[in-house]
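Here is a friendly briefing to read alongside the model.

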Amino acid sequence: MPYKRITLTHFLLEEQRRLGGTGAFTSLMHDIITACKMVSHEVNRGALVGNHGIAGTVNVQGEDQKPLDVLANDIFLHMNALGGNYAAMASEELEDVHSVKGSADGKYLLLFDPLDGSSNIDVNISVGSIFSILKLPEGADPTSADAFLQPGVKQVCAGYALYGSSTMLVLTTGKGVNGFTLDRDVGMFFLTHPDMTIPADTKEFAINASRARFWEPPVKRYVDECLAGKEGPREKDFNMRWIASMVAEVHRILVRGGVFMYPADAENTKKGGKLRLMYEANPMSFIVEQAGGAATTGRQRLMEVQPTNLHQRVPVILGSRNEVERLEAYHREAG
Ligand code: AHM
Ligand code: MG
């Protein structure tokens, strides 16, 4: 059989040739890939090098930081500053915009969650990194958060790295979604999941059911109908999953379909929801839409939400198109 493996580097160079790019984008992707490989290495070494437990610091969200939250954030900041492609960066772990010194020519803005699902680190369950790339608007000041406050439809690239039983990098530049698996011995990502697509229908949903007492009527109706199975109005049995690691949930949905919900509820609605719009919901929505799925707050397409704050939270419902549309209809009917 002829040898056919394609590296992520070759894949990006091919894209660059196709789009007639200058190489800036390929170089910037390289920095992200290196950062993800380094974080993967640290996640993998875990307790051997003291990467478990808590760091003793609290981030801008008021959450206890884990040593790996801090380390992954430092790796992302350092590796992505080296190429000079970014004018500035923003992270879940930093209150303010991080300006990149000496990058007067940087034309892009990088947003990231360096280690999502970090409550799973100590129990050795999958975590991931999420990133979103925006263009620096003409004349905008990259040291101000205002430059970043662009709706998700403006993203030029989004992706995630999943540190699971294998490490994967999944990516979109607005022309479909492709998945790459890290070969640790070679030190390279190889294309293993070309043209990932989400089936329109599903029999699997994901929600943190411990919050059921706070749910709004449309979410409660949807889940009750799923739980009623074959005898209920949906006339089929549903399965349920909750990993508490959004990267792993979205990856499952890309591979076999499903719907993921972290909706607004009576307890989190004052804060706007649980998940962060700019570096969690938007990049995942871009990927999900590019794979043929849909992403909504329940009342609005997620990527059309106009951000007003770097760390703004938002309700998230995403995955198989027909289920997401059903949830939107339930929200409309509820008023
Ligand atoms: P984090 O960025 O602090 O890790 O929080 C985001 C995570 C998501 O990955 C996941 O979907 C959610 O929080 C789980 O929340 P909960 O613990 O309420 O189930
Ligand atoms: Mg997160």
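Axes here are lines fitted to C-alpha atoms, for helices over the stretch in contact, and angles run from 0 to 180 degrees between N-to-C directions. Helices (H or I, at least four residues) and strands (E, at least two) are DSSP runs numbered from the N terminus.

This is a predicted model, in which local features need pLDDT of at least 70 and side-chain atom pairs count only at pLDDT 80 or more, while totals for chains, interfaces and linings use all residues. Residues are numbered from 1 along each chain as its sequence is written, chains are lettered from A and ligands numbered from 1 in the order in which they are written, and side-chain values use heavy atoms, with hydrogens and water left out.

**The α4 and α7 pair**

- α4 passes α7 in a right-handed crossing; a crossing is left-handed if the near helix is turned anticlockwise from the far one by less than a right angle, and right-handed if clockwise.
- On the α4 side, P218, V219, R221, Y222 and E225 take part, meeting E323, R326, L327, Y330, H331, E333 and A334 in α7; contact means heavy atoms within 4.5 Å.
- The 14 residues of helix α7 (residues 321-334) should span 20 Å at 1.5 Å a residue, and its end C-alpha atoms are 20 Å apart, which agrees; the expected span is 1.5 Å times one less than the number of residues.
- Buried residues of α7 are E323, V324, L327, A329, Y330 and H331, where buried means under 20% relative accessible area, exposed over 50% and partly exposed in between (1.4 Å probe, protein chains only).
- Their cover includes α4 (217-227), β11 (259-262), β13 (294-296) and β15 (316-319).
- After α7 comes G335, with a positive phi near 85 degrees.

- Helix α2 (residues 24-45) and helix α3 (residues 67-82) have axes that come within 9 Å and cross at roughly 155 degrees, so the two are roughly antiparallel.
- α2 passes α3 in a right-handed crossing, and the α2 residues that meet α3 include L28, I32, A35, V39 and V43.
- Helix α1 (residues 8-19) and α2 have axes that come within 10 Å and cross at roughly 160 degrees.
- The crossing of α1 and α2 is also right-handed, with L8, T9, L12, L13 and Q16 of α1 in contact with T26, M29, H30 and I33 of α2.

- D113 counts as buried because its relative accessibility is 0%, and D116 counts as buried at 7%.

**Loop residues N120 and S245**

- N120 lies in the loop between β3 (108-116) and β4 (127-135) and counts as buried at 7% relative accessibility.
- S245 sits in the loop between β10 (239-240) and α5 (246-256) and counts as buried at 1% relative accessibility.
- Leaving aside neighbours within four places in sequence, S245 is in contact with D116, G117, N120, S126 and V127.

Terms used:
Parallel < 35°, antiparallel > 145°, perpendicular 65-115°, else oblique.
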